[in-house]
Amino acid sequence: MHTPELVARLYKKMSLIRRFELRLAEIYHTDAIKSPVHLSVGQESIAVGICDPLEKNDIVSNTYRCHATYIAKGGDLNEMMAELYGKSTGCAGGKAGSMHLVDMKNGVLGASAVVGTTIPVATGYALAMQMEAEKTGHQRMTVSVFGDGGTEEGCFYESINFAALRKLPIIYVCENNRLAIHTPIEKRWATEKLCERVATYGIETHKLDHADVFTVRDTIARAAAKIRAHRCGPIFIECSTYRWLEHVGPRDDHEDNYRDLDEYRRWKEHDQIARLAKMLDAETVARLENEITAEIRTAEEFAEKSPYPADEELYKHVYAV
Ligand SMILES: Cc1ncc(C[n+]2csc(CCOP(=O)(O)OP(=O)(O)O)c2C)c(N)n1
């Protein structure tokens, strides 16, 4: 049985992510947003299920499709919108854009556009957390999130091997939306036995098929508690999900002939936001939606009013050898 508070909290986070991204899709044509956007519409329950049970000082790491985990982990919404607008108040000073969101004060490790590259960085962070816990006695954790395409990179296997060897405090989560740009999984993998492949490294695995936000949350909560108590990481979780919009950009691409629209319709019927709305009373939903409207408007105004970076910023954070 889920408490009304939990349902309301998960609903609000998922709806905030979706409405924030749909607002981006609306304003994208105005050129206010200065970088490409990889939207997570349809996939929100994974990010929210992952981040809800984490502690503030735990870290979540993701790829270029990072809006959802940034918001779910409590990343600053104003700084996120300002970053998308290329403004100096953005979370990366307006220099990085949508694919490189970061908010270390809220436990969001910097994202990267290069598929797979955040996995070894997150693994290194988990090693640092393991060493830190030897001094502090408290085990913080890292959750490394990536797509099914990320598991095709060599550094994925190097990372999970190292993490298993050193029993690192890390949970690896594959958001399996079955698509890498336009290529479905059937054209990329000889078998879909991803969990079985990972298990051969000596890693506990879980396969979650329905993107049920409560199941994702409970699985992460149990995995995190186990790793904190027994120092027995890593744990690998494969979460099935589905991207409703195009790979990059604001459109739906259902006319592009590369995906099975029945699969899309099936996922849409199981939309977790609509499901949780039905578990709440209408008054609560209206109140949460009003709060979301205000938060998005505030973020937009903050971004609009903020200045672009000064010219001299061009030479800061540039390294030469
Ligand atoms: C190393 C590398 N190879 C190729 C690309 C081009 N690329 C960008 S996104 C993408 C698909 C990745 O799919 P997946 O990891 O499943 O994540 P999703 O986009 O579905 O969230 C590819 C091949 C890249 N950015 N980096």
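Select helix 1 (residues 4-27) and helix 10 (residues 272-279): they pack at an angle of about 140 degrees, and their axes are 9 Å apart. Keep in mind that this is a predicted model. Now turn the view to see how the pair cross. Helix 1 passes helix 10 in a left-handed crossing.

Next, show the side chains where the two meet. On helix 1, pick Val-7, Leu-10, Tyr-11, Met-14, Ser-15 and Arg-18. On helix 10, pick Gln-272, Ile-273, Leu-276, Ala-277 and Met-279. Colour them by class. This contact has 8 nonpolar, 2 polar and 1 charged residues.

Zoom out and select residues 13-309. UniProt lists this span, in an unreviewed entry, as "domain: Dehydrogenase E1 component". Colour the span by secondary structure: residues 13-309 are 45% helix and 10% strand. Then mark both ends. The end C-alpha atoms lie 30 Å apart.

Last stop: the cysteines. Select Cys-174 and find its sulfur. Which cysteine has the closest sulfur to that of Cys-174? The closest one is in Cys-239, 8.2 Å away. A disulfide is a covalent bond between the sulfur atoms of two cysteines. The cut-off for counting one is 2.5 Å between the sulfurs, so the sulfurs of Cys-174 and Cys-239 are too far apart for a bond. Start from Cys-239 instead, and the closest cysteine sulfur is in Cys-174. The disulfide count for the model is 0.

Now show the surface. Are these cysteines buried or exposed? Cys-174 is buried, at 0% relative accessibility. Cys-239 is also buried, at 1%.

Definitions and conventions:
Residues are numbered from 1 along each chain as its sequence is written. This is a predicted model: local features need pLDDT of at least 70, side-chain atom pairs count only at pLDDT 80 or more; totals for chains, interfaces and linings use all residues. Side-chain values use heavy atoms; hydrogens and water are left out. Buried means under 20% relative accessible area, exposed over 50%, partly exposed in between (1.4 Å probe, protein chains only). Axes are lines fitted to C-alpha atoms, for helices over the stretch in contact, and angles run from 0 to 180 degrees between N-to-C directions. Helices (H or I, at least four residues) and strands (E, at least two) are DSSP runs, numbered from the N terminus. A crossing is left-handed if the near helix is turned anticlockwise from the far one by less than a right angle, and right-handed if clockwise. Contact means heavy atoms within 4.5 Å. Ala, Val, Leu, Ile, Met, Phe, Trp, Tyr, Cys and Pro count as nonpolar, Asp, Glu, Lys and Arg as charged, and the others, Gly among them, as polar. UniProt positions are given in the numbering used here, feature names are shortened, and annotations may be inferred rather than shown by experiment.
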